[in-house]
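Thanks for coming. Please bring up the sequence and the model, and I will walk through some contacts.

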Amino acid sequence: MSYVKNILERKGKSVWTIAPDATVRAALIEMADKGAGALVVIEGDQIVGIFSERDYVRRVAKTDDLGLDQPVRELMSHPVFFARPDQTVEECMRVMTARHFRHLPVLVEDELVGIISIGDVVKSLINEKEMTIRGLENFIAGSSVNH
Amino acid sequence: MSTVKDILMQKGQQVWYVTPETTLRDALKLMAAKNIGAVIVLDGHDVVGIISERDYARKVITSESLSLDEPVRTVMTSSVYYVTPEHTVEECMNLMTTKHFRHLPVIVGQDVIGLISIGDVVKQILSEKDREIESLEDYIWVNMI
């Protein structure tokens with residue numbers, strides 16, 4: 001069974017953040033710089049939202065306005081769903097697919113220690129299943145030899 | 001081994017598209033209305049590009065004068081990789097992860113018959129592996145216990 005902490009061990013704990021009063025322009029530039037699809041929105045040391053490319057593009061489609069000078073606060077998604085390091089990857093997959101989230105921040109107590117994406121989750125699940133398959137195949141091969 | 005055909009059978013063959021002259025406004029509205037992250041750009045029957053949420057979000061910050069009245073061709077990605085219904089899902093996954101594409105058009109002859117996303121591919125791979133695990137477990141139950 002794989003856990004959120006296993007993903008964080010591999011990908012590191014860096015999290016890209018932005019303040020709620022930053023402009024949408026600044027947020028989009030930060031995403032492009034970091035090659036990220038979303039930023040965690042932090043006020044003081046509280047997580048107040050997530051802002052993604054999709055949040056932005058959907059808003060433009062709705063309002064017909066580029067809105068680059070608006071504060072992130074106006075467009076971000078909240079409340080935010082979190083994961084804990086000791087949660088299984090499968091649980092995260094369920095939450096993400098049911099609610100159509102591409103990202104989950106990871107918290108210990110109230111502290112942000114990382115973020116996992118649907119890509120991370122999927123990679124981990126595929127690995128896990130491949131290991132199970134190899135294990136079962138080895139079991140069958142090993143037992144056949146003994147017979 | 002699952003192929004692109006299996007994915008299309010599940011998700012249907014509805015293809016949403018725009019033309020190179022469609023305005024950005026209309027392309028973004030189409031994506032929002034259909035809840036999709038990208039649409040194919042067709043010139044007649046030819047696929048000339050793909051435009052995604054990301055293409056737009058990246059472009060809008062480098063050209064501040066970008067207007068929603070501009071045509072899709074100014075923002076679309078025009079080098080497009082595509083697949084046929086016979087490609088395996090693993091081949092698609094490799095193409096998508098090495099080239100960093102989230103979407104691949106599916107072509108038969110000259111015609112586009114679908115667009116598959118990384119989400120579609122992943123779902124298919126996971127369920128394929130689940131079936132493999134089940135059949136190995138069945139084999140063990142029947143033959144070895």
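Start with the hairpin of E4(B) and E5(B): two residues sit between its strands, and Gly109(B) there takes a positive phi near 60°. This is a predicted model, where local features need pLDDT of at least 70, side-chain atom pairs count only at pLDDT 80 or more, and totals for chains, interfaces and linings use all residues. Residues are numbered from 1 along each chain as its sequence is written, chains are lettered from A and ligands numbered from 1 in the order in which they are written, and side-chain values use heavy atoms, with hydrogens and water left out.

Strands and helices here are DSSP runs numbered from the N terminus, strands (E) of at least two residues and helices (H or I) of at least four. Two strands pair if DSSP finds at least two bridges between them. Strand E4 (residues 103–108) of chain B pairs with E5(B) in the antiparallel sense over six bridges. Leu104(B), for example, has Ile116(B) in E5(B) as its bridge partner. Is E5(B) enclosed or open? Five of the seven residues of strand E5 (residues 111–117) of chain B are buried, so the rest of the structure largely encloses this strand. Buried means under 20% relative accessible area, exposed means over 50%, and partly exposed is in between (1.4 Å probe, protein chains only).

Now the sheet in chain A. Three strands form an open sheet in the order E1-E2-E3, with mixed pairing. Strand E1 (17–18) and strand E3 (46–52) of chain A are at the edges with a single partner strand each, so one side of each has no neighbour in the sheet. E1(A) and E2(A) run parallel, joined by two bridges. Thr17(A) has Val40(A) in E2(A) as its bridge partner.

Next, charges. A salt bridge is a side-chain nitrogen of Lys or Arg within 4 Å of a carboxyl oxygen of Asp or Glu. Over all chains, the structure holds 17 salt bridges. One of them joins Asp120(A) and Lys11(A), at 2.7 Å from N to O. Asp120(A) lies in helix H5 (residues 118–146) of chain A and Lys11(A) in helix H1 (residues 4–11) of chain A, so the pair ties together parts 109 residues apart in sequence. Asp120(A) is buried at 13% relative accessible area, while Lys11(A) is partly exposed at 38%.

Another salt bridge has Lys129(A) and Glu90(A) at 3.9 Å, N to O. This pair links helix H5 of chain A, which holds Lys129(A), with helix H4 of chain A, which holds Glu90(A), 39 residues apart. Lys129(A) counts as buried at 11% relative accessibility, and Glu90(A) as partly exposed at 31%.

Last, the rings. Rings of Phe, Tyr and Trp (its six-membered ring) pair if their centres lie within 6.5 Å; planes under 30 degrees apart count as stacked, over 60 as edge-to-face and the rest as tilted. How many aromatic pairs does the structure hold over all chains? There are three aromatic pairs. In one of them, Tyr56(A) and Tyr56(B) are stacked, 6.1 Å centre to centre with 10° between the planes. That pair crosses between chains, from helix H3 of chain A to helix H3 (residues 53–62) of chain B. Tyr56(A) is buried at 1% relative accessibility, and Tyr56(B) is buried at 0%.
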